[in-house]
Amino acid sequence: MEKLEKPQIICHVEKSVNYSLFDTKWIPCSAKFVVMGSRPRGSGIIQIYEVSSGELKLVKDIERSQPVKCGTFKASSLKGRHLATGDFQGKLNVYDLEDPSIPVYTVSAHSTIINSIDGVAGQSIGCGAPELATGSRDGSVKVWDLRQKGRPVAVMEPEGGEDRRDCWAVTFGNSYNSEERVVAAGYDNGDVKMFDLKTMSVRWESNLKNGVCSLEFDRKDIPMNKLVATTLESKVYLFDLKTQHPKKGFAYLSEKAHDSTVWLVRHLPQNREIFVTCGGGGSLCLWKYNYPEKRKVADADGVEHGVVGNLTLLQNTVLSTQPVSSLDWSPDKQGLAVCTAFDQCLRVIITTKLNTY
């Protein structure tokens, strides 16, 4: 009985495709989602599917010259619902999905593949400009304001002569008013850097000893609360961002999960204490964060440092024989998600009982 009281992760629809899948995102305020990837002949593909009475209907098939690695709707309004994508050539394109033949915005953002993209403030009023962040194999992280054609508003990259590490993950956070905003970036050598866009400086950095595959704040549009990082070698790190100690930085916990690379972390839009991690063996783990009694304490010198809570594993399941490379929770329906894996399958999944937490 106890097993049934836990949330269940159920595969609702599964569809096999004949190309490599890299990313997927729900189209806000709809029962549709978009998948991005690469055809065997080396061109890129964007497809729109609709979930309709237990089946997936292909709505649109868009071919691009370059494989499409990543995408986001987060810098777009709910009315516009423009998809921003990064491709293998380093191009940043923004599409109106009503007429995706020509991008509404395009720029050669990087000299090589864009590994990760994130957007902010597309749907929130009073939280600053809608912006996109891109992280690339060329070692740079760039921030773009779509109202400014052709040039980034911020560039974070190593100085001349310094080692350029492959940037695998970028994410926005702390965007709770029109002044504050940070970008966190994760690199292949285990570096995590948090850039403060208000002061244009590195606010915090750490090294997690293994390549950082994914990073996500529990919410973008609140004062910094928590950041989760996932790495190679099956580690998940959770940082409590409420209190930054001048020497020790942020309090954190680490958890071993999946027995393989942890490819991805995604927080539930309706509850920031619940998140899912996706593993190299095709597994999903559903976690809940439990806060400590006190979130900060003072040390012997009277300097405050953070106190980290703990994680409860709510459920784990294996969906695929291959790594789950992307997952997106529906912003509109709690527990509904779409994910892609390297077995060339896209799956719509339903997680039950999330409303009980």
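Q: What does His258 touch, not counting residues up to four places away in sequence?
A: His258 touches Thr277, Cys278, Gly279, Ser283, Leu284 and Cys285; contact means heavy atoms within 4.5 Å. The model is predicted: local features need pLDDT of at least 70, side-chain atom pairs count only at pLDDT 80 or more, and totals for chains, interfaces and linings use all residues. Residues are numbered from 1 along each chain as its sequence is written, and side-chain values use heavy atoms, with hydrogens and water left out.

Q: Why is His258 called buried?
A: Buried means under 20% relative accessible area, exposed over 50%, and partly exposed in between (1.4 Å probe, protein chains only). His258 has a relative accessible area of 14%, so His258 is buried.

Q: What makes the pairing of the side chains of His258 and Thr277 a polar contact?
A: A polar contact is a pair of N or O atoms within 3.5 Å; within protein, one must be able to donate a hydrogen and the other to accept it, and residues adjacent in sequence count only if both atoms are side-chain atoms. The side chains of His258 and Thr277 are joined by such a contact of 2.8 Å. Another polar contact, of 2.7 Å, joins the side chains of His258 and Ser283.

Q: How do you know that the radius of gyration of the protein agrees with a compact globule?
A: The radius is taken over C-alpha atoms, and the globule rule is 2.2 Å times the number of residues to the power 0.38. For 357 residues a compact globule would have a value near 21 Å; the protein has 20 Å, so the two agree.
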